[in-house]
Amino acid sequence: MARSVSGHATVVPLLLSILVSSCQLLSAVQVGASLQAVEPCESPSQWESEYTMFNPREGHEFAVHGRYSYDKLNLRKRRYEVVDDDLHPTYQFLEVIELFQEYKRYVIDMRTRLCHEEPLYHPQEKDNGFHVHDVPAGARLQGVVYLGSRSVEKGSLNVSEWSYRYLDRLYEWKGSFTLQDCIPVRSDALNSTTFGLILEEFFDVTGGISDPNVFIPPAQCVGQTNKIYHGSRGYRLGRHVLK
């Protein structure tokens, strides 16, 4: 049993308790200060990536893997998609070009080379049809996390987690972005009454557009209205208004 020498046996644990509490408080203050410094951000105006999209909704589950080109400067997007859809018997290989300044979408079946041109959205949606991969103003910061391992040199990536509720569109959004340069990592949308849950992830992101010609639809597609089944189209986050 420890003996009390001039009260040291009782003073030392008390000092240790105060020291631990002080360290915990300092750590909390540092974390709070770091979170306060994180603000909603805008991703680069032009970038390309590999991406996946998944909807686990029962009765219409689909998964998409593809290549994505994003051009906020000129309001256009292009995807090369491999689609696995519950409502379609085989994999689909599609190219989708969305030109928001022209209000047009082109869907090309890469197997048959059939093309389909359609309006992007209704005329009343023109002002907000382009979905940007940014953190919305007013979004709530959920925290800052490390992807990977902090114990390995250069083995982790700082990512900010955000959430936002679009009251006018009746869905909830959550997104992850790198602290440096605001590169999108993940984007989730939830509406329990319509499309369910949409999960989007981006990886191998590179800045700029490697080939601007990917946004030019094939000449034979213009004006064509071939019916091409495209199960994920109505749930695409890129439509901004999910229907």
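Biologist: What share of the 243 residues of the protein chain counts as buried?

Modeller: In this predicted model, 39% of the 243 residues of the protein chain count as buried, where buried means a relative accessible area under 20%. The accessible surface of the chain comes to about 13,900 Å², and 55% of that surface belongs to carbon and sulfur atoms.

Biologist: Which helices and strands does the protein chain have, and in what pattern do they follow one another?

Modeller: The protein chain has one helix and 11 strands, and, read along the sequence, they follow the pattern α-β-β-β-β-β-β-β-β-β-β-β. Among contacts between residues at least 6 apart in sequence, 50% join residues at least 24 apart.

Biologist: What makes the pair C41 and C182 a disulfide?

Modeller: The sulfur atoms of C41 and C182 are 2.0 Å apart, and a pair of cysteine sulfur atoms counts as a disulfide within 2.5 Å, so the pair qualifies.

Biologist: Why is C182 called buried?

Modeller: The relative accessibility of C182 is 4%, and the word buried is used for values under 20%, so C182 counts as buried.

Biologist: How do you know that C115 and C221 form a disulfide?

Modeller: Their sulfur atoms are 2.2 Å apart, and the cut-off for a disulfide is within 2.5 Å, so C115 and C221 are counted as a disulfide. C115 is in strand β6 (residues 115–119) and C221 is in the segment after β11 (196–207), 106 residues apart, and the pair thus links distant parts of the chain. Both cysteines are buried.

Biologist: Which residues line the largest cavity, and what is its volume?

Modeller: The structure holds one cavity of 30 Å³ or more, and the volume of the largest cavity is about 60 Å³. H131, V132, H133, D134, P136, Y166, W173, F177, P184, R186 and S187 form its lining. By class, this lining has six nonpolar, three polar and two charged residues. Strands β9 and β10 each supply at least two lining residues, and β10 gives the largest share, three residues.

Biologist: Is R78 buried or exposed, and how do you know?

Modeller: R78 has a relative accessible area of 14%, and the limit for buried is under 20%, so R78 is buried. R78 is placed in strand β3 (residues 76–85), and, leaving aside residues up to four places away in sequence, R78 touches R67, Y68, S69, E95, V96, I97, V214 and F215. One of these, I97, is 19 residues apart from R78 in sequence, and their C-alpha atoms are 4.5 Å apart in space.

Biologist: Why is T206 called partly exposed?

Modeller: The relative accessibility of T206 is 39%, and partly exposed covers the values between the buried limit of 20% and the exposed limit of 50%, so T206 counts as partly exposed. T206 lies in strand β11 and touches W47, E48 and R67, not counting residues up to four places away in sequence. The C-alpha atoms of T206 and W47 are separated by 5.6 Å, although the two residues are 159 residues apart along the chain.

Biologist: What makes the phi values of L75 and R113 worth a remark?

Modeller: Most residues other than glycine have a negative phi. L75, however, is a residue other than glycine with a positive phi near 55°, and R113, which is not a glycine, has a positive phi of about 65°. L75 lies in the loop between β2 (62–71) and β3, whereas R113 lies in the loop between β5 (104–109) and β6.

Biologist: How do you know that L75 and R113 are partly exposed?

Modeller: L75 is at 29% relative accessibility, so L75 counts as partly exposed, and R113, at 39%, counts as partly exposed.

Definitions and conventions: Residues numbered from 1 in each chain as written. Predicted model: local features only at pLDDT ≥ 70, side-chain atom pairs only at ≥ 80, totals over all residues. Heavy atoms only, no water. Buried < 20%, exposed > 50% of the residue type's maximum accessible area, 1.4 Å probe, protein only. Helix = DSSP H or I, 4+ residues; strand = E, 2+ residues; numbered from the N terminus. Contact = heavy atoms within 4.5 Å. Areas by Shrake-Rupley, 256 points an atom, 1.4 Å probe, with all protein chains shown as cover. 1 Å grid on protein atoms, 1.4 Å probe; cavity = no way out; pocket = protein on both sides within 12 Å on 5 of 7 lines; lining within 4 Å. Points joined across faces, edges and corners; volume = space filled by probe spheres on them. Nonpolar A, V, L, I, M, F, W, Y, C, P; charged D, E, K, R; others polar.
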